[in-house]
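Please look at the sequence and the structure before turning to the notes.

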Amino acid sequence: MIPHDERETILGRKVKQWKGIMKVFDSFFKRERFDCIFEIGTGNGLFSIYFANKADIMGCSFITFDIKNISNDVKDLIRMSNGVFINEDINDNNLIEKSLITNNKCLILNDGALKIPGFIKFSKLLKKGDILLTHDYYKNEESGYGIITYGDIKECIDENNLEIIYKDIFLKHFLWLCVRRV
């Protein structure tokens with residue numbers, strides 16, 4: 001759990017991310033451009049506002065999914081940046097799968113409760129150049145609810161010709177694993 005005083009702030013409210021993560025993503029988005037960004041696990045939606053804004057600046061689409069609803073004011077802020085919140089399980093539709101086929105370069109932010117099944121499912125569908133970022137990654141920890149470890153996905157990484165990238169900016173302090181199909 002991130003101590004409250006070590007959390008990033010959006011709109012004066014604390015986000016469930018370490019301070020400095022938005023600078024890391026700013027750097028990432030300067031290097032990488034996407035046609036679509038999908039977030040799995042909206043949470044309270046505050047970090048989704050940031051992603052919706054970045055997507056709007058890049059001229060790409062942003063869709064975030066969660067099985068729990070979010071407040072109308074946060075939905076409105078996501079919508080103001082041309083983002084979309086979908087209140088349903090990603091397994092109940094195939095929007096991401098279709099978009100991976102029809103868009104040139106996609107980013108998937110895997111931060112729902114079921115990270116391992118999400119990683120396995122979407123890593124198989126990535127095209128060359130697509131990127132999958134998964135939060136709560138621990139390289140050497142034991143598996144557990146809400147986290148993902150290297151042991152959980154090593155076989156999947158090998159089978160799907162994925163490379164781990166941006167270790168220097170995502171893994172060191174922020175627990176995001178970033179992989180790209182090569």
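This is a predicted model: local features need pLDDT of at least 70, side-chain atom pairs count only at pLDDT 80 or more; totals for chains, interfaces and linings use all residues.

Residues are numbered from 1 along each chain as its sequence is written, and side-chain values use heavy atoms, with hydrogens and water left out. Helices (H or I, at least four residues) and strands (E, at least two) are DSSP runs, numbered from the N terminus.

**Helix H1 and its buried side**

- Ile 21, Met 22, Val 24, Phe 25, Phe 28 and Phe 29 are the buried residues of H1, where buried means under 20% relative accessible area, exposed means over 50%, and partly exposed lies in between (1.4 Å probe, protein chains only).
- These residues lie on the same side of H1 because they cover an arc of only 155 degrees around the axis; the arc is that of the directions from the helix axis to the C-beta atoms.
- Lys 23 and Lys 30 are exposed on the face of H1 turned away from its buried side.
- As background, an α-helix has 3.6 residues a turn, so residues three or four places apart point the same way.

- In helix H3 (residues 72-80), the buried residues are Val 74, Lys 75 and Ile 78.
- They cover an arc of only 105 degrees around the axis, which puts them on the same side of H3.
- Asn 72 and Met 80 are exposed on the other side of H3.
- The buried residues of H3 pack against strand S2 (13-18), helix H2 (46-58), strand S4 (61-65) and strand S5 (83-86), with contact meaning heavy atoms within 4.5 Å.

**How the helices pack together**

- Helix H1 (residues 21-31) packs with H2 at an angle of about 20 degrees, and their axes are 12 Å apart. Axes are lines fitted to C-alpha atoms, for helices over the stretch in contact, and angles run from 0 to 180 degrees between N-to-C directions.
- H1 and H2 are therefore roughly parallel to each other; angles under 35 degrees count as roughly parallel, over 145 as roughly antiparallel, 65 to 115 as roughly perpendicular and the rest as oblique.
- The crossing of H1 and H2 is right-handed. A crossing is right-handed if the near helix is turned clockwise from the far one by less than a right angle, and left-handed if anticlockwise.
- On the H1 side, Ile 21, Met 22, Phe 25, Asp 26 and Phe 29 meet Phe 47, Tyr 50, Phe 51, Lys 54 and Met 58 in H2.
- The axes of H2 and H3 cross at roughly 10 degrees and come within 8 Å, which means that H2 is roughly parallel to H3.
- Leu 46, Ser 48, Ile 49 and Ala 52 of H2 make this contact with Val 74, Leu 77 and Ile 78 of H3.
- H2 passes H3 in a left-handed crossing.

**Residues with a positive phi**

- In general, most residues other than glycine have a negative phi.
- Asn 82 follows H3 and has a positive phi, near 65 degrees.
- This residue, Asn 82, is in the loop between H3 and S5, and it counts as exposed because its relative accessibility is 56%.
- Leaving aside residues up to four places away in sequence, Asn 82 touches Asp 56 and Phe 62.
- Asp 136 is not a glycine, yet its phi is positive, at about 65 degrees.
- The loop between strand S7 (131-135) and strand S8 (137-138) holds Asp 136, which is buried, with a relative accessible area of 19%.
- Leu 175, also not a glycine, has a positive phi of about 65 degrees.
- Leu 175 sits in the loop between helix H7 (167-174) and strand S11 (176-181) and counts as partly exposed at 21% relative accessibility.

**Cysteines**

- A disulfide is a covalent bond between the sulfur atoms of two cysteines.
- The rule used here requires a pair of cysteine sulfur atoms within 2.5 Å, and by this rule the count is 0 disulfides.
- The cysteine sulfur closest to that of Cys 60 is in Cys 36, 7.3 Å away, which is too far for a bond.
- Cys 60 is buried, with a relative accessible area of 10%.
- For Cys 178, the closest cysteine sulfur is in Cys 106, at 14 Å, too far for a bond.
- Cys 178 is buried, with a relative accessible area of 1%.
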